[in-house]
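Work through these exercises with the sequence and the model side by side. Try each task before reading its solution.

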Protein chains: 2
Amino acid sequence: MAEKLTIRDIARLAGVSKATVSRVLNQKPDVDPATRERILRVMEEQGFVPNIAASGLAGGRSRLLGALIPSLTWPLIPELMRGVGEVVGATPYELILYSINDVNHEKDRSDIISRIVRTRLVSGLLAVFPGPSAKYLAALHSRSFPVLLIDDQGIPPENTPWISVDNRVGAYEATRHLIRLGHRRIAHIQGPLKYQVSHDRYRGYCDALEEAGIPLDPALVLEGDFMPQTGRACANAFFDLPPERRPTAIFAGSDYMAYGAIAAAEQRGLRVPDDVAVVGFDDNPSSAHMEPPLTTVRQPFYEMGRRAAEMLLAFVEASRMMHHPSQNGQFASVTPSAAVFDPPVRVKMPTSLIIRASCGASRHLHSPSEQGGGDRSR
Amino acid sequence: MAEKLTIRDIARLAGVSKATVSRVLNQKPDVDPATRERILRVMEEQGFVPNIAASGLAGGRSRLLGALIPSLTWPLIPELMRGVGEVVGATPYELILYSINDVNHEKDRSDIISRIVRTRLVSGLLAVFPGPSAKYLAALHSRSFPVLLIDDQGIPPENTPWISVDNRVGAYEATRHLIRLGHRRIAHIQGPLKYQVSHDRYRGYCDALEEAGIPLDPALVLEGDFMPQTGRACANAFFDLPPERRPTAIFAGSDYMAYGAIAAAEQRGLRVPDDVAVVGFDDNPSSAHMEPPLTTVRQPFYEMGRRAAEMLLAFVEASRMMHHPSQNGQFASVTPSAAVFDPPVRVKMPTSLIIRASCGASRHLHSPSEQGGGDRSR
DNA sequence: ATCGATACCGTAAACGATTACGAAAATTGT
DNA sequence: ACAATTTTCGTAATCGTTTACGGTATCGAT
């Protein structure tokens, strides 16, 4: 079956020149609908797939997208990539994975970026940055290279499209939920303050408190590092407080830290949620399997992945059309409504509060079918 | 900084021809050590990175590796990819992600493979197959395309290198551990029997029982589907048995099913591990955070990822040398000992038993420092 | 000094697409 | 019917690298 089909073979079979075939391949104008149809049929019959390397060379583009992400072992990254993969998989584009081993290894990160620029392999980049990113993106952005930031936790450079999560509102809703359940002394374990998200979530926490007229107690706010160990340590610090100042609820800035807090509570013989309620942030896949199942703020990473991929694809296609401002040029699967993106876009995705057992109000908002054992794997 | 460096610029700067530069790029012979040095220095100074598209076109290869994997949301896949990514990242190769949405969608799978073949984009493929794979690989293998199977759960086709986990021994050790703890009535929740792994694990379970002279009770063996729900259902079936036939320990064929079994136990007021011990298989990242932390058989996916990438790289480099049988041609990071792989290689990785609280013998083999809260994130 | 071998290196032709440019064909207006 | 457009399509150059092939240097042996 079709050992080595080239554009030339298709041209011969269809009785046209390579140029014409190339035109239909790139949905360019200047080709008769009838011939276009004929060529498409031949390609279909022969099962022709263009050689990406060749078109990348000739056109300076590549139908290759890069994904620059922190370790896949971070809980929500796979969800994100699932969304990205589904969208990209429905197009002729392929996805190149640039993953970063060590978060703190800034050199690593800029090395990868310069490599991305130099090899000119991908024609668009999707970047998940856990830290300040401006200086890394300057290189790309200055070359008018399509870049899309996801959940940038620093302050994104001007004019760079990005998509993020509304951390403040998520934290606000979580805290408000605890307040509604009757809690007045609510502690907060922050993420590392070097990340913007930590401030945003803290802000939402404060807002809810203020709204309810609850004074902020600085002793009930501690900084962690997103990992279970610090969750445990901070929770222990809270439990060491004199009884009248001790919190009855803990809002952790990440699910991992919530795990630690729960472990600390249990080690002291405190029951969750009876003695202390715990709410997390993230909705890791494993948070539904915990005992007790964790109430948490879900970050819609799957949806963000889809959305991000669609946007990036639109950018890339747009910059591809740039020099040849013609009619269409969208994939069926890419929403055509997202055609013109000239002003940089910023999208903020909404979070949702997932109520499970760890806050002591399992039946408050959800139907009984949403139990602890459920998981989102498909 | 270096807008568009090509091999031609390097050649000019170094006072040689493009051909010579290309030779050093591909670690080919026939170039004077002094010139090689000079060229390397120039490349270094200029920060030159070859254009992958161009070399892919010209050479018919590509410095691109493909990874065909099931959803990243499967618990151990990210660990695998971490290993792969680290190895590949240390070479000039890039990694293309071909991930499959729905496992049962066999058409999807073969579509992707034919796409891989047709675009001729990658020069080697690493495939994680959760089911029978022979027919999909025929297309690749027949073209002498470097392929490496990981943890193929069916029977791999002849002559295809693959790397897998010793499921039988893992299950054997887990069961033996329970026996040593004094259990005589040990139930087993199998994975889907359409997968070979399920049979292998069952086999290990039987072996341990037989070795201890414990008769196999068919009522204590049920088939699940790897997911928590069936773990719960099977466990409930066990608990419904009359007291004298009821198991005191459950060995689940996956961590997820173990989660379900623990949930079922707790719902009945049975305490884990006091009333019933539970052991899983996989060592999902979240299994350490469970309450109680889960004793389980760890599958070394990270190590497998590294190993697989190294092997695949060696294959690709070997097939690259094929027509130009010269001296060296290995990366510093790729173990040179793995140079010649002519006979297809099959590697079986050992599992390890991770003892935590859910089997009731936390301090049996491990030091106290290995606690439940520990996680393997780096 | 001459002859092979050998080591080194340059020339030029691919590789499979894209695209500027211009020519031919079809369409329109008069 | 003819000029002016407009539509459609082919020619040929080009992208950056690899590699077959052939040409010099170099060197030891005769």
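**Exercise 1. DNA strand D**

Task: Of the atoms of DNA strand D within 4 Å of the protein, what percentage belongs to sugar or phosphate? Then list side chains of chain A that reach this strand.

Solution: 
- Step 1. Start with the atoms in this predicted model. Sugar or phosphate supplies 62% of the atoms of DNA strand D within 4 Å of the protein, and bases supply the rest.
- Step 2. Go to the residues. DNA strand D has 29 residues around it, and the nearest are I7(B), S22(B), K28(B), A58(B) and R61(B).
- Step 3. Look at the phosphates. A polar side-chain atom of T20(A) sits 2.8 Å from a phosphate oxygen of DNA strand D.
- Step 4. Look at the bases. An N or O atom in the side chain of R23(A) is 2.9 Å from a base nitrogen of DNA strand D.
- Step 5. In chain A, α2 (18-25), α3 (33-46) and α4 (52-59) each supply at least two residues, as do α2 (18-25) and α4 (52-59) of chain B.
- Step 6. Sort by class. The surface near DNA strand D has 13 nonpolar, 10 polar and six charged residues.

**Exercise 2. DNA strand C**

Task: Which residues are closest to DNA strand C? Then find polar atoms of the protein by its phosphate oxygens.

Solution: 
- Step 1. The closest residues are I7(A), S22(A), K28(A), R61(A) and D32(B), out of 29 that surround DNA strand C.
- Step 2. Take the side chains. K28(A) has a polar side-chain atom 2.6 Å from a phosphate oxygen of DNA strand C. An N or O atom in the side chain of T35(B) is 2.8 Å from a phosphate oxygen of DNA strand C.
- Step 3. A polar backbone atom of N51(A) lies 2.9 Å from a phosphate oxygen of DNA strand C.
- Step 4. Assign elements. Two or more residues come from each of α2 and α4 of chain A, and from each of α2, α3 (33-46) and α4 of chain B. The most come from α4(A), with five residues.
- Step 5. Sort by class. The surface near DNA strand C divides into 13 nonpolar, 10 polar and six charged residues.

**Exercise 3. The contact between the chains**

Task: How many residues does the contact take from chain A and from chain B? Then describe the side of chain A.

Solution: 
- Step 1. Chain A gives 55 residues and chain B gives 55 residues.
- Step 2. Get the area. About 4,700 Å² is buried between chain A and chain B, and carbon and sulfur atoms give 54% of it. In chain A, the most area is lost by R115(A), R118(A) and R120(A), together 13% of what that side buries.
- Step 3. Check polar contacts. Two residue pairs are in polar contact across the interface, both at pLDDT 80 or more.
- Step 4. Assign elements. Those of chain A that each supply at least two residues are α4, α5 (77-89), β2 (94-99), α6 (106-119), α10 (228-239) and α11 (255-267). The most come from α5(A), with six residues.
- Step 5. Sort by class. The side of chain A that touches chain B has 25 nonpolar, 16 polar and 14 charged residues.

**Exercise 4. T296(A)**

Task: Is T296(A) buried or exposed? Then find the partners of its side chain.

Solution: 
- Step 1. T296(A) lies in strand β10 (residues 295-298) of chain A.
- Step 2. Apply the cut-off. Buried means under 20% relative accessible area. T296(A) has 0%, so this residue is buried.
- Step 3. Find polar partners. The side chain of T296(A) makes a polar contact with the side chain of D255(A), at 2.6 Å. The T296(A) side chain also reaches the backbone nitrogen of F281(A), at 3.1 Å.
- Step 4. Widen the view. Beyond its neighbours within four places in sequence, T296(A) is in contact with residues including V279(A), D283(A), S352(A) and R356(A).

**Exercise 5. M304(B)**

Task: Which helix holds M304(B)? Then trace its contacts.

Solution: 
- Step 1. The helix is α12 (residues 301-321) of chain B.
- Step 2. M304(B) is buried, because its relative accessible area is 0%.
- Step 3. Not counting residues up to four places away in sequence, M304(B) touches L80(B), I150(B), D151(B), I163(B), S164(B), V165(B) and M349(B).
- Step 4. Compare sequence with space. M304(B) and E79(B) are 225 residues apart along the chain, and their C-alpha atoms are separated by 9.1 Å.

How values were computed: Residues are numbered from 1 along each chain as its sequence is written. Chains are lettered from A and ligands numbered from 1 in the order in which they are written. This is a predicted model: local features need pLDDT of at least 70, side-chain atom pairs count only at pLDDT 80 or more; totals for chains, interfaces and linings use all residues. Side-chain values use heavy atoms; hydrogens and water are left out. A residue is near a molecule or strand if one of its heavy atoms lies within 4 Å of it. A polar contact is a pair of N or O atoms within 3.5 Å; within protein, one must be able to donate a hydrogen and the other to accept it, and residues adjacent in sequence count only if both atoms are side-chain atoms. Helices (H or I, at least four residues) and strands (E, at least two) are DSSP runs, numbered from the N terminus. Ala, Val, Leu, Ile, Met, Phe, Trp, Tyr, Cys and Pro count as nonpolar, Asp, Glu, Lys and Arg as charged, and the others, Gly among them, as polar. Buried means under 20% relative accessible area, exposed over 50%, partly exposed in between (1.4 Å probe, protein chains only). Contact means heavy atoms within 4.5 Å. Buried area is the accessible area (1.4 Å probe) that two parts lose on being put together, summed over both.
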